[in-house]
Amino acid sequence: MLLGIDIGNTHIVLILFNKNGEILDKFRIPSKTLLTEDMIYTFLKVLLENRGINLSEIDDIVLSSVVPELDDIFNYFTKKYFNKKPYILTLENIPEKLLKIDNRAERKLGADRIATILAMQNRLKDREAIIIDFGTATTFELVSYNKYLGGAILPGINLSINALFQNTAKLPKITFEKPEVDLANTTVTQINTGIYYSNIGGIKELITHFKKFSPNAYVVATGGQGKIISKDLPGYIDEYIPNLLEEGLYKFYKDICKKYK
């Protein structure tokens, strides 16, 4: 069994894969939690025992992270309780022939973005793709199989909501959802309308922009808010794939770490 650890800005996701790469279970921990390696072990042990799984069944560990200050804690965790070093997904750990990027030495492409690109290599082979990941930030990647062509980064949906709430005196925090009214006439519905349709419009514009370079690119969405947004973008987003990052993390382990070990 493989333990995947995805350290994001909002959540740390612990993923259990079987030998075929299928996800057996996933657990989320808020990234802002003050963690120690012992707390992580206890948390994971209890969750696995509740599902009838023993920690001794974990053979390897693979890790992706966009929060450097948490990396040491998880390195201590894997060393102390599994006596293993995790395979760490970074651009430096991927052979250039498998992911070609101009000015590779100067790039700081996040592990989460690399994972989604690797996952799409399995799915599309020689076809170009636009990958939209709705996370803490919303990211765009334009790729041609193993060639990274470019991308974009903008504030994520919940980040926009939190910024509005935290920097205004009277505006409430809302839950992101499709507006139920055609013309908003309360503060809450007006915020929801503004957030929702500004994102719809922005995503359309960015897809249109990237299709100037790759008119036939297949457009996929992933990430927490991607499911809601995708439903209102027929003709723009071709498919919503919920576990794209997890697929890429497993591909990194199986096709790169094990092959080039």
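How many nonpolar, polar and charged residues are in the lining of the second largest pocket? Point 4 takes this up.

1. This is a predicted model, in which local features need pLDDT of at least 70, side-chain atom pairs count only at pLDDT 80 or more, and totals for chains, interfaces and linings use all residues. Residues are numbered from 1 along each chain as its sequence is written, and side-chain values use heavy atoms, with hydrogens and water left out.

2. Start with the largest pocket. It holds about 1200 Å³ of space. Its lining has 46 residues, and Asn-9, Thr-10, His-11, Gly-135 and Thr-136 are the closest to its centre. A pocket is an open set of points on a 1 Å grid over the protein atoms alone, where a 1.4 Å probe fits, with protein on both sides within 12 Å along at least five of seven lines; lining residues have an atom within 4 Å of a point. Volume is the space filled by probe spheres set on the points, which are joined across faces, edges and corners.

3. Helix H4 (residues 157-166) gives the most to this lining, with five residues. Helices are DSSP runs of H or I, at least four residues; strands are runs of E, at least two; both are numbered from the N terminus.

4. The second largest pocket has a volume of about 290 Å³. Ser-65, Leu-89, Thr-90, Leu-109 and Ala-111 are the closest to its centre, out of 18 lining residues. H2 gives the most, with three residues. The lining has ten nonpolar, four polar and four charged residues. Ala, Val, Leu, Ile, Met, Phe, Trp, Tyr, Cys and Pro count as nonpolar, Asp, Glu, Lys and Arg as charged, and the others, Gly among them, as polar.
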